[in-house]
Structures are given as structure tokens and as C-alpha cells.
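Trainee: Could we go through this structure together? I would like to take it piece by piece.

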Amino acid sequence: MASIEIKNLDVSLGNKKVLDDLSFNLASGQIAALLGPSGCGKTTLLRAIAGLLQPSAGTIRFDKQLVSLSSLVLPAHKRKIGYVPQDGALFPHLNVEKNIAFGLDKSSLTKMQIKQIVKEMLALIDLEGFEKRMPNQLSGGQQTRVALARALAVKPAMILLDEPFSALDAQLRIELRGDVIKLLRSQNTTAILVTHDREEALVSADLLALMQNGKIIQQGPPEQVYSSPNSATTAISTGDTLVLQARKFSDGKTDYLFAPIKLSSSDLVTGEVVIRPEEIKISADPAQGMISGQINKIDYYGHDAMISINVADNLLQVRIPGPLDYKVGQKVGLTHVGPIRFFARS
């Protein structure tokens, strides 16, 4: 499997610049998740990597091989890329066996070799015996598995997955996602997964890249991007977030809801403190907290609960593990037990 290195990539569609000076690296055998809102350039980046779009600037390398720059593009069919689009895109007139075999080189492989590869792929996706079924006889999850098998059958340098689970119901999505990631890891496959689901990105990837307006605004291991965001915007992209008004003084002290400082000074920076809901400790005794408030809503999920608490003019979200020991209307104490992430206002 190949590593990928992208430097200063620009891609324009018509007069619109969709990717803007984008740089990205992924080691061989790693799985990356591209997370961002619709229209931020995630699919365009996949298509540029696959050779389906030509960049106007920048370079793309697989290992040491240069495959894209503005004046030279290695054709898509020579890049050995496995591409799984959003809807799977199985050929409706071909059965499962022929769909999987579609990308194999018929000039260099015998019929028996092709049959053996298809058999191995069916075993890999746990669909033995489905060879003769047509796509319309498969469930959504089975179609996604077949699309993945078709991509893996050609022994690609890497796999690109463009929101392959988006059309599935929630439970099937979770199960299939786990199966697909396990399969990719078992094959030591370099893969890039496009998603707008932050949970999917966090649980699936070795590397998480956050995209916005054609740029990657932060990238790194998921736990690092989640716990150490480089802005309030990236924090919101990766999970539930409380954004509180704050002031930071020249001595390093931060004035915010949990630690108010009664001091006026011109030697300060205004901004925001970002807190995760699980970084607030709740107490049934209001006197035991740094601040106190009143519960106005409880969303119970079984494994945990999200509690909404009114504190002065702020509505705070606090995540606690179940079972519940609190009720709406109860006064509670709150303590911030996580890091103080201060971001200056631009």
C-alpha cells in the first residue's frame, strides 16, 4: 500500500476555487477521515487524488511517485486507486460476481484466476454464495460490501471512500462501518474516508483532517484533534462544545464563567474559552461547585445523559454517565475539571 503526500494543492471548477493551497500527508497502511460540512471540498479532494480532476497548482505523490501537478497528470486508470462512491454505484445489469471482477485486467489474468479472486473477495466481505445475485436483490449494506470488494479486488495502492454509509439506517451504519474498518486494517490498506459524521470520523481513523472552505484547518490523531483543537470552530466540528466569553490577562490568568476575575485592565485579550460537556463535574450540593445553577432539561441516552443547566445568562451542557441521580428544577454545583482552552477573538 502507498503513502500519499499532497502539497499546496489548488483545484478550480469553472471560476470557483474549490481547494485552496491544501496540504495533507498520510502514511502507508493508515486510515484518514476527512470531516467537514457539505461543499467544503472533501469529494473534490478525493477526485483529485483519483485522477478524475486536474489541479491548477500543487502536487500529489504516491510514495515517491509524482502523479499530479498542473502540467502533468497520471491517468486515473494507472493510479491503482479503489474508489467507493456514496451510493456504491454497482452496475445494475451485472451480478455480484461480475461487479467484483469488473476492474480486473482480463488480458493478464485467466478465467480461473479471476474466479479465485472473486471467491476470495466474497469470503472477505462474508457474502459467499451471493455470486449470481443482482444488485437489486441486495440490501444497502450488502451493496456497500460488494462495492468495497470490487475496489479491493484490483489490489489498489489505496482506497477512497466517499460517504459510503450515508444512505444506511443508524444501526446498520454502525455495524457496517466497524466491519469495513476492520477489513481495511486486516489488509493493511491505505484509505481515506470522507464523512460529515464526527463520531464516524473519530472512531474510524488514524488521522483526522478537518476541512473548511477548501482548506484543511487542522489534522492529527483523532484524540489530539478532539482534546486540543486549534480554534473554537474546530472544537465544534469534532464534538459537543461549550463556548464561553472570556478575557486573558498579561499574567496568564483567564477570566471566564467558572473563574471570574473582578479586575479592569487594558492589558488583556478578549476571546472565548472552549469546554467539552464531559469536562464539567456536577454535584447535588450547590455549595460544592465553582458555580451553581438550575437544571432545566435532561436528555437521557442510557449509557449517559446530557443535562442542560441555567447559570446566570448561560445555558450549559453537562454530560454525565448513567444512571441518573438528578431531576429537572434541581439546583446543582458545577466545577470545570478540564483544560482552559482560550482562543483570542480575531
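**Sheet, cores and helices**

Mentor: Let us start with one residue pair, and keep in mind that this is a predicted model: in β20, the residue that bridges to Val274 is Arg341.

Trainee: How many bridges join β14 to β20, and how do the two strands run?

Mentor: Strand β14, which covers residues 268-275, is joined to β20 by four bridges, and the two strands run antiparallel.

Trainee: What holds strands together in general?

Mentor: Strands of a sheet pair through backbone hydrogen bonds, and the pairing can be either parallel or antiparallel.

Trainee: And what is the strand order in the sheet with β14 and β20?

Mentor: This is an open sheet of four strands with antiparallel pairing, and the order is β13-β12-β14-β20. Its edge strands are β13 (254-255) and β20 (341-344), each of which pairs on one side only.

Trainee: Changing topic, which residues have the most contacts inside the largest nonpolar core?

Mentor: That core has 34 residues, and the ones with the most contacts inside it are Ile100, Val146, Leu148, Ile159, Leu161 and Leu184. At least two core residues come from each of α2 (96-101), α3 (111-124), α4 (140-153), β8 (158-162), α5 (170-186) and β9 (191-195).

Trainee: Which element gives the most to this core?

Mentor: It is α4 that gives the most, with seven residues. Apart from this core lies another one, of 32 residues, and among them are Leu22, Leu26, Ile49 and Phe62.

Trainee: Back to Leu161, what is it in contact with, leaving aside neighbours within four places in sequence?

Mentor: With those neighbours set aside, the contacts of Leu161 are Leu46, Val84, Leu148, Val180, Leu184, Ala191, Ile192, Leu193 and Val194.

Trainee: Now the helices, please: how do α4 and α5 sit relative to each other?

Mentor: Their axes come within 11 Å and cross at roughly 15 degrees, and α4 and α5 are therefore roughly parallel to each other. The crossing of these two helices is right-handed. On the α4 side the contact is made by Gly141, Thr144, Arg145, Leu148 and Leu152, and on the α5 side by Leu172, Leu176, Asp179, Val180, Leu183 and Leu184.

Trainee: And at what angle do α3 and α4 cross?

Mentor: The axes of α3 and α4 cross at roughly 135 degrees and come within 10 Å, which makes α3 oblique to α4. Here α3 passes α4 in a right-handed crossing, and the contact involves Ile117, Met121 and Leu124 of α3 together with Ala149, Leu152 and Ala153 of α4.

Note on methods: Residues numbered from 1 in each chain as written. Predicted model: local features only at pLDDT ≥ 70, side-chain atom pairs only at ≥ 80, totals over all residues. Heavy atoms only, no water. Pairing = 2+ DSSP bridges. Core = buried A, V, L, I, M, F, W, Y, C linked by side-chain atoms within 4.5 Å. Buried < 20%, exposed > 50% of the residue type's maximum accessible area, 1.4 Å probe, protein only. Contact = heavy atoms within 4.5 Å. Axes fitted to C-alpha atoms, helices over the stretch in contact; angles between N-to-C directions. Parallel < 35°, antiparallel > 145°, perpendicular 65-115°, else oblique. Left-handed = near helix turned anticlockwise from the far one by under 90°.
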